[in-house]
Amino acid sequence: MEVNSDDKTLKINGNKICFDYPIKDFKVINNYCIVMLRIPPKSYFNENVFGLDKDGIIWQVEKLQYNHDDSPFVSIFDEDDKVRLQNWDGTQLIVEPSTGKVLDQKWFK
């Protein structure tokens with residue numbers, strides 16, 4: 001899977017996918033591209049992580065309750081072929097890269 005990004009556009013094998021916010025980071029895990037968007041302060045868009053395959057978006061991180069209303073995800077890691085996400089308020093999720101299913105949720109800090 002060939003992936004590159006430029007501001008709000010991601011290219012997967014030549015297919016363009018456009019987002020409403022700039023791309024902060026992405027990881028390819030098990031042939032799925034996991035994309036995290038850079039959300040400006042006070043935008044209140046916490047579901048800023050998407051899973052894509054070669055054809056486009058297949059999932060978006062589910063809406064959950066956090067300690068703060070403005071708590072987008074700020075880091076993304078490949079952890080044993082799963083996706084580890086951390087958000088601004090200290091929530092950590094382990095997510096299945098093919099479905100976006102939350103496998104584990106913890107709080108840290």
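## Cysteines

C33 is buried, with a relative accessible area of 0%, where buried means under 20% relative accessible area, exposed means over 50%, and partly exposed lies in between (1.4 Å probe, protein chains only). This is a predicted model, in which local features need pLDDT of at least 70 and side-chain atom pairs count only at pLDDT 80 or more, while totals for chains, interfaces and linings use all residues. Residues are numbered from 1 along each chain as its sequence is written, and side-chain values use heavy atoms, with hydrogens and water left out.

Across the whole structure, a search finds zero disulfides, a disulfide being a pair of cysteine sulfur atoms within 2.5 Å. C18 is in no disulfide, and the nearest cysteine sulfur, that of C33, is 14 Å away; this is too far for a bond. C18, at 59% relative accessibility, counts as exposed, whereas C33 is buried.

## Nonpolar cores

The largest nonpolar core has 14 residues, and those with the most contacts inside it are V49, F73, L85 and L93. A nonpolar core is here a set of buried Ala, Val, Leu, Ile, Met, Phe, Trp, Tyr and Cys residues joined through side-chain atoms within 4.5 Å. At least two residues of this core are supplied by each of strand 5 (32-37), strand 8 (73-79), strand 9 (82-87) and strand 10 (91-95); strands (E, at least two residues) are DSSP runs, numbered from the N terminus. Another core, of 12 residues, lies apart from it, and I12, F19, I23 and F50 are among its members. In soluble globular proteins, nonpolar side chains tend to be buried together.

Not counting residues up to four places away in sequence, L93 touches V61, L64, Y66, F73, V83, R84, L85, V102, D104 and Q105.

## Salt bridges

The structure holds five salt bridges, each defined as a side-chain nitrogen of Lys or Arg within 4 Å of a carboxyl oxygen of Asp or Glu. One of them joins E79 and R84, with the closest N and O atoms 2.6 Å apart. In this pair R84 is buried, with a relative accessible area of 16%, while E79 is partly exposed at 31%. R84 is also among the residues that L93 touches.

A further salt bridge links the side chains of K106 and D104 at 3.7 Å, N to O. Both partners are partly exposed, K106 at 46% relative accessibility and D104 at 32%. The side chains of D55 and K54 likewise meet in a salt bridge, at 3.4 Å from N to O; here D55 is exposed, with a relative accessible area of 61%, and K54 is partly exposed at 46%.

Three strands form an open sheet in the order 1-2-3, with antiparallel pairing; two strands pair if DSSP finds at least two bridges between them. Strand 1 (3-6) and strand 3 (15-18) stand at the edges, each with a single partner strand, so one side of each is left without a neighbour in the sheet. Neighbouring strands of this sheet are turned by 20° against each other on average, direction ignored, with axes taken as lines fitted to C-alpha atoms and angles running from 0 to 180 degrees between N-to-C directions.

Strand 1 and strand 2 (residues 9-12) pair in the antiparallel sense over four bridges. Within this pairing, V3 stands opposite I12 in strand 2, and I12 is also one of the residues of the 12-residue core.

Definitions and conventions. Contact = heavy atoms within 4.5 Å.
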